[in-house]
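Subject: Structure for your review

Dear colleague,

Please find the structure below, handed over for your records. I would be grateful if you would read the notes that follow it alongside the coordinates.

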Amino acid sequence: MRGRPNFGTIQRMNYPFSALVGQQEMQLGLLIATVDPLVGGVLILGDRGTGKSTAVRALAAVLPDLEAIEGCPYRCPPGNTAGLCGACGTSAAGQKSSVRAKKKTVLTPVPVVDLPLGATEDRILGALDLEKLMTQAQKAFEPGLLAKANRGFLYIDEINLLEDHLVDLLIDVAASGENRIEREGLSVVHPARFVLVGSGNPEEGELRPQLLDRFGLAVEVRTPKDLDQRMQVVLRREAFERSPHDFMRDYADAQSELRAQIVSARKLLSKVGLAQDLLRKIADLCMRLGTDGLRGELSLMRAAKAAAALRGAKKVSLDILRDVAPMALRHRLRRDPLDDTDATVRVQRLVDEVLV
Amino acid sequence: MAQLVEPQETVKAVRTEDAILAAAAVAVAGPALGGLWLRGWHGPRRDAFLRLVDRYAGALLVRTHRIAPHTDPEQLLAGIELSETLRAGRIVQRAGLIENLQGGLLVLAMAERAPIALLAPMIQAIDAQRVCLLAIDESLPDALRLPALLQDRLGMGVDLRDEMVLWPVDSDLYQTAFAQALALRLTDAAHHWKEVIASPEAVKALVEAAAQLGILSSRASLYAVRLAKLSAALAGRSMVEADDLAVAVRLVLLPQARQLPAAAAHEEDGMQSAEEGTSEPDDPQDAPRNEEEPTRPKPPLPPETEQDSEASPPEPAEASSALPDGAAERLVAAALATLPKHLLAQLAASSSTARSKAAGATGAGAQAMKGRGRGRSIGALPRRRPRSGERLHLLASIRAAAPFQALRRRVSGEDTFSPNSLVRLDADDQTRRLLHSGTSGKVLEMRPDDLHVHREKKRRGNTTVFVVDASGSMALQRLSEAKGAIEILLADCYVRRDRVAMIAFRGKGAEVLLDPTRSLVAAKRSLTALPGGGGSPVAAGLALAAQMVAQLKRMGDSTVVVVLTDGRANLTRDGLPGRQQAALEAQQMARFLAVSADKRLLIDTSMRPEPAAQALAAAMRGMYMPMPFAQAREMGQAVIAAQLKA
């Protein structure tokens, strides 16, 4: 036998989310975002090679499939809700329900879209469909990455190295939930609601404050300090690559358990309550930390409720608040460039004081 | 820790064999190892190495392709073949370079100069194990570095910069006995290396070695385990043995090392007291605790362990108890013994400033890449008459023309009767003939209105270089005030998203404390760590600043140099005492800065305005500002105002 085995076919499976080692905060942050997308995006800060990308890409596999109208490039949900694309929106609004019922729905996996650093505006926003243009002389819109990410996750690794003009574009879309294209004679609006997940190492450049603000949660990842954990990372990865199928089978139960946990948390979410005295503590905490505006309170509240739902609790407890306060607040402190006390430390200090 | 010192001949042999093994590894399992970081300039040894890689790759039918840093990123990925499409009148797809390689080898020359747009698709492909990248890095010690996000993904490193410890210049690597032996086992290894067993002890030793060398990324440990397996497979073994671990440390871990093992323990102490246990992102606290303990006698690695450790990951506790103590330490020490002296010194130096400098350094590479985005196309602009110097945006032009083709063909057919169109018809005929030549007769009807040009981004980055006098004449009090002033300026730079760099001079010379970075964390840290005392080699500091300014200008940045000194130079550039000569040299360098840096500012840090500082400011034709006794904050404000006016 000449040549070597083909590598292209081996790695098509994603490492299972439940097999990640020692990154509890990141895992919790991502899970919260899957339970309540309104929390906003998740920013993952930390060293290289700590499994940031692995975690995000593994996320898709534990998420329950989406119900979407068949053939819709934006995966619009069935029913007459806000934020449908042009085609689905008009058919839903203008017609009787009997007509709408004709639209078939399908189950599709939740998209987790990678936005590579070198991506062009065309690829992100979408552009004229060259193929249709050339073969049929038809001006059609070819959806870009933002369209692909609708109702799912948009992942940007090394987000702090992203070109400024691309950042501008993302900020706008992430805020409005829709992508407006007015170029090359095209005029298209389509829904682009996604959970923005960014990762990067703050040592290599700061993030623009406007972009920071778009993230509901900021989690920190570290290389595990514990040698045994570091070893586990390597051993599990090796086991996975040696025989992915066996490895997936070993974690199949954990994966479906996690999926069930997410599904029931989503159902429970609207029933989770937050006691008045805790609400007061949240306000107190945010005030003392001097977070800008009310976004800190809001995202802490939402995150705490989602975290409670994940635990199957109907009430937010002090414990839960303490768990999620750092990730909801650490990136919202007013930036004093001269104070190099780690934001996490500052938050933790006050959390220990206030949340007792 | 006592360093073993290997005799030069042994080191030569080891390094040569390592290079050969790396070449074989690239061919056998390139994508599993991410890639190879090949450092060194063009020369016979590099050619010999690349030839060897080609031989091995050829033997395994691994495709290779070499690209330059100015390659169009679109070539890497699949897309539409424009010219074919136009000729055929239907869409013709073109496969991307990476796809075409089918898990083969991509050779990137001058990788340190490659823009991020080119690297991004490669990095994605590497992460998916779809390609192996051989990145040739020709960077100078102080210039652009290979971006950290790429370096981290290249599993192996081969350093050809120190020719003293490599193979003889005229030797054909492939003819060496070692290379021949590997050649015989290539195919076998390619099929079976994944089945090689690495005991938990072996894995643990590598993970621990990585921790001792200050490597934070777990990618390195993964790559090290894989390389150890490969090395075993290439030696015809089915178990990873001590030799394989050693070669994995040398080829995978050492190139990524950020500190010497001894420094790890030191740093840990220093840091915890200094920072009250604050946790910074690259905190090297994961350095093993047993560092400080005296090394116990080490049993050799168990040669064979029969347990089927690979099938199910063992419990952490079990694994740790089975580890022979100090195995990792021994591995690291042995590997370090093969490092040429100056590289070892470099590593030691970076250990001492690891916290301030390494962070800045990684940032520098990444940021520099971004800085080079100047003039990059960011879209198309309609332009009836492209001006000189503008590039025609072919794709956009064709896009604009395409929807009207059917219409235009019809119209131009009817148009022939109108007298007005006669002139244009001639022109059209010419174009038509041009496009007709040898094709199916389909013509693209273009109008001036369709033309688009590239819209280019011409943003100039701004970098402020601080040159800080930390000599003894700067009393500690003044030094801390100067630090305060810099902090204010840093805040200002942050607001404007400028980059900052920092140079300090004291004692015998000057050093770069911080490469240009946009990271405030790194800047603050390097400033806090700055010690004072010693002579005052002003000229050396200014010379280093000039060097950095020149580099920044090459990258298209505009520069502001802020010098904080009392101007009383007493050491020459060579570190020799002598006030007169020192002052003379300082003046010279200041005049040099006057023409190279875009804006210059000198802050006199002496108690009352100092003539020497004034003279220096005049020589660099910059603004002069005595540091008042006021609060640093107020002074900073004054500086900002002055700076903006300048």
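Predicted model: local features only at pLDDT ≥ 70, side-chain atom pairs only at ≥ 80, totals over all residues.

Nonpolar cores

The largest nonpolar core has 154 residues. Within this core, the residues that touch the most other members are B:Val28, B:Phe49, B:Tyr56 and B:Leu253.

A threonine in a loop of chain A

A:Thr50 sits in the loop that runs between β1 (41–46) and α2 (52–62) of chain A. Its relative accessibility is 7%, and A:Thr50 therefore counts as buried, the limit being under 20%. Setting aside neighbours within four places in sequence, A:Thr50 makes contact with A:Gln23, A:Met26, A:Val221, A:Arg222 and A:Thr223, and also with B:Ser218 of chain B.

Positive phi angles in chain B

Two residues other than glycine deserve a note here. B:Met110 has a positive phi, near 50°. B:Met110 is placed in the loop between β5 (105–108) and α5 (116–127) of chain B, and is partly exposed at a relative accessible area of 33%.

For B:Arg621, phi is also positive, at about 45°, although this residue is not a glycine. The loop that holds B:Arg621 lies between α23 (611–619) and β15 (623–626) of chain B. B:Arg621 has a relative accessibility of 55% and so counts as exposed, which requires over 50%.

With kind regards

Technical notes
Residues numbered from 1 in each chain as written. Chains lettered and ligands numbered in written order. Heavy atoms only, no water. Helix = DSSP H or I, 4+ residues; strand = E, 2+ residues; numbered from the N terminus. Buried < 20%, exposed > 50% of the residue type's maximum accessible area, 1.4 Å probe, protein only. Core = buried A, V, L, I, M, F, W, Y, C linked by side-chain atoms within 4.5 Å. Contact = heavy atoms within 4.5 Å.
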